[in-house]
Amino acid sequence: MKDLTWLVSKIDKDGSELYLRAPNGTICDRKEALMIIDGLKRFYNQGEKLDEEIENFNLKNKLREYLSVMEHIKVEFKDNQYHIAVPSFLFVKFNLDKRHWSFKCGFCGRKVSSKTDEGYYKTYNVKIGRNFTWKHQETDHTEDRACSKGCARGIWLDDAKQWVKENRLNKLIHFV
Ligand SMILES: [Zn+2]
């Protein structure tokens, strides 16, 4: 019964006719197939509560895959939730040898200038992702610069919560 795949033998007005086949090409015999169908019926006939269970399971599965690529983010699993620690952000000092420049903090909008400030925080190096992205423009990092640690955290959390929402992971993720 291992690694059986289903294949379509014909499709007509009544729907599809399927059969089961093993990886080596052997077609699953009638008795075994009917036993599998009975088993499937038992499992899938559990009613609507099963939909939620399957959805939760699949979300967890997806999340495990995601989290396995996040070396820069500290994750702890407890009370059935992933507790993700907001990372620390890199402080970038203005290079005073270069010409002056400024930008507006991506969170509070305060103007940060090389004339008056020592530097700024950047958040784009600690976004979750690789296999999956959480959105920010690759070419324009302006929105990922912050005037303070607090604002960097704000930008990061806004993005993180958006990502959680898009992936319907609300029940499973908690930011600390
Ligand atoms: Zn700010």
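## Salt bridges near the start of the chain

K10 and E17 form a salt bridge (a side-chain nitrogen of Lys or Arg within 4 Å of a carboxyl oxygen of Asp or Glu), and their closest N and O atoms are 3.9 Å apart. This is a predicted model, in which local features need pLDDT of at least 70 and side-chain atom pairs count only at pLDDT 80 or more, while totals for chains, interfaces and linings use all residues. Residues are numbered from 1 along each chain as its sequence is written, and side-chain values use heavy atoms, with hydrogens and water left out.

K10 counts as partly exposed because its relative accessibility is 43%, on a scale where buried means under 20% relative accessible area, exposed means over 50% and partly exposed lies in between (1.4 Å probe, protein chains only). E17 also falls in the partly exposed class, at 41% relative accessibility. A further salt bridge links K13 with D14, where the closest N and O atoms are 3.7 Å apart. K13 is exposed, with a relative accessibility of 79%, and D14 is likewise exposed, at a relative accessible area of 67%.

## A link across the sequence, and a network

By the same rule the count of salt bridges comes to seven, and one of them joins the side chains of E52 and K171 at 3.8 Å, taken from N to O. E52 lies in helix α2 (residues 48–67), whereas K171 lies in the loop between α3 (149–166) and β10 (173–175), so the pair ties together parts that are 119 residues apart in sequence. Helices (H or I, at least four residues) and strands (E, at least two) are DSSP runs, numbered from the N terminus. E52 counts as partly exposed because its relative accessibility is 47%, while K171 is exposed, with a relative accessible area of 56%. Salt bridges that share partners also join K10, D12 and E17 into one network.

Two strands are taken to pair if DSSP finds at least two bridges between them. Strand β3 (residues 75–78) and strand β4 (residues 81–84) pair in the antiparallel sense over four bridges, and E76 has H83 in β4 as its bridge partner. The hairpin of β3 and β4 has two residues between the strands, and D79 takes a positive phi near 50° there.

On the pairing of β4 with β10, three bridges join these strands, which run parallel. Within this pairing, I84 stands opposite F175 in β10.

## The sheet of β5, β8 and β9

Three strands form an open sheet in the order β5-β8-β9, with antiparallel pairing. β5 (90–93) and β9 (145–146) stand at the edges, each with a single partner strand, so one side of each is left without a neighbour in the sheet. Between β5 and strand β8 (residues 119–122), which run antiparallel, there are four bridges, and the bridge partner of L90 in β8 is K122.

## Cysteines

The count of disulfides, each being a pair of cysteine sulfur atoms within 2.5 Å, comes to zero. C108 counts as partly exposed because its relative accessibility is 45%, whereas C151, at 9% relative accessibility, counts as buried.
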